[in-house]
Amino acid sequence: MTGQPIRVLVVEDDPVAADAHVMYVGRVPGFVAVGKAHTGAEARRALDRTPVDLLLLDLHLPDVHGLQLARTLRAAGHHADVIAVTSARDLAVVREGVSLGVVQYVLKPFTFATLRDRLVRYAEFRAAAGEASGQDEVDRALATLRAPGPAALPKGLSGPTLERVSTALRDASDGLTATGVAEAVGISRITARRYLEHLVDAGCAARRPQYGTVGRPELQYRWVPGT
């Protein structure tokens, strides 16, 4: 990419996740994180101080819903685009966000690769300039914002079970072994281990040996905050 970098404000109430998102943005060429805010009020103050092109916006803030914040910013004359980062899956919220400048949704948990893809597509869309020659060119410009189809899971893994394993791991503050996940989700230990290793490969989980047990130590898995 050439020209000035796209300036991003990260708005996320979880400090660990906010730091992770700032780091992710900084790893994508052509983007720079110009700040972070943990509340809607902090975001408004930051926008009054610093020019911003894009908000990486968590919808569930402690003082205001993200879409209400977006609506307030539009009324105040702020025209930054928005990528919503949220665990909310309500399609009515998605439809409402379209009218408020939400150009992409990234569902938690996500990996760096997922966010990088959304940012690169946004940059391509933003770079489109000039007059379209016809409907096809307009369609191609809009299509750059659309993510490709979901990546296929490894053979034998299913999306619903992966979601249950992910939830169990996120909810376990001290981490879980494959045995613990198997008991929590209702699957075999071997199957749990396959899902956990997939999460490690995706950057969503980390593993370490669990000592203090008789025999060979079992691996303990922890969710990586901010993914």
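This is a predicted model: local features need pLDDT of at least 70, side-chain atom pairs count only at pLDDT 80 or more; totals for chains, interfaces and linings use all residues.
Figure 1. The secondary structure consists of nine helices and eight strands. Of the 227 residues, 40% count as buried.

**Figure 2. Confidence along the chain.** Mean pLDDT for the protein is 83, with 81% of the residues at 70 or more. Strand β1 (residues 6–11) has the highest confidence, at 97. The lowest belongs to helix α6 (residues 135–143), where the mean is 57.

**Figure 3. The largest nonpolar core.** This core has 22 residues. Leu9, Val11, Leu55, Leu57 and Leu69 have the most contacts inside it. Two or more residues each come from β1, α2 (40–49), β3 (54–58), α3 (66–75), β4 (81–86) and β5 (102–107). Helix α3 gives the largest share, four residues. In soluble globular proteins, nonpolar side chains tend to be buried together.

Figure 4. Leaving out residues up to four places away in sequence, Leu57 touches Val11, Gly66, Leu69, Val82, Ile83, Ala84 and Val85. Of these contacts, Val11 and Leu69 are also among the residues with the most contacts inside the largest core.

**Figure 5. The aromatic pair Tyr24–Phe112.** The model has one aromatic pair. The ring centres of Tyr24 and Phe112 are 5.5 Å apart and the planes meet at 55°, so the pair counts as tilted. A plane angle over 60 degrees would have made a pair edge-to-face, and one under 30 degrees stacked. Because Tyr24 belongs to helix α1 (residues 15–26) and Phe112 to helix α5 (residues 112–127), the pair ties together parts 88 residues apart in sequence. Both partners are buried: Tyr24 has a relative accessible area of 8%, and Phe112 has a relative accessibility of 13%.

**Figure 6. Arginine side chains over aromatic faces.** Phe112, a member of the aromatic pair, also has Arg27 over its face, at 3.8 Å from the ring centre. In another such arrangement, Arg170 lies over the face of Trp223, at 5.3 Å from the ring centre.

**Figure 7. Thr177 in strand β6.** Thr177 is part of strand β6 (residues 176–177). The relative accessible area of Thr177 is 11%, so the residue counts as buried. Apart from neighbours within four places in sequence, the contacts of Thr177 are Leu196, Gln210, Glu218, Leu219 and Gln220.

Figure 8. Helix α8 (residues 178–185) has Ala178, Gly180, Val181, Ala182 and Val185 as its buried residues. An α-helix has 3.6 residues a turn, so residues three or four places apart point the same way. The buried residues of α8 pack against α7 (159–171), β6, α9 (189–201) and β8 (218–223). Just after the helix, Gly186 adopts a positive phi of about 85°.

Definitions and conventions. Residues are numbered from 1 along each chain as its sequence is written. Side-chain values use heavy atoms; hydrogens and water are left out. Rings of Phe, Tyr and Trp (its six-membered ring) pair if their centres lie within 6.5 Å; planes under 30 degrees apart count as stacked, over 60 as edge-to-face and the rest as tilted. Buried means under 20% relative accessible area, exposed over 50%, partly exposed in between (1.4 Å probe, protein chains only). A charge sits over a ring if NZ of Lys or CZ of Arg is within 6 Å of the ring centre and within 35 degrees of the ring normal. pLDDT is the predictor's confidence in each residue, from 0 to 100. A nonpolar core is a set of buried Ala, Val, Leu, Ile, Met, Phe, Trp, Tyr and Cys residues joined through side-chain atoms within 4.5 Å. Contact means heavy atoms within 4.5 Å.
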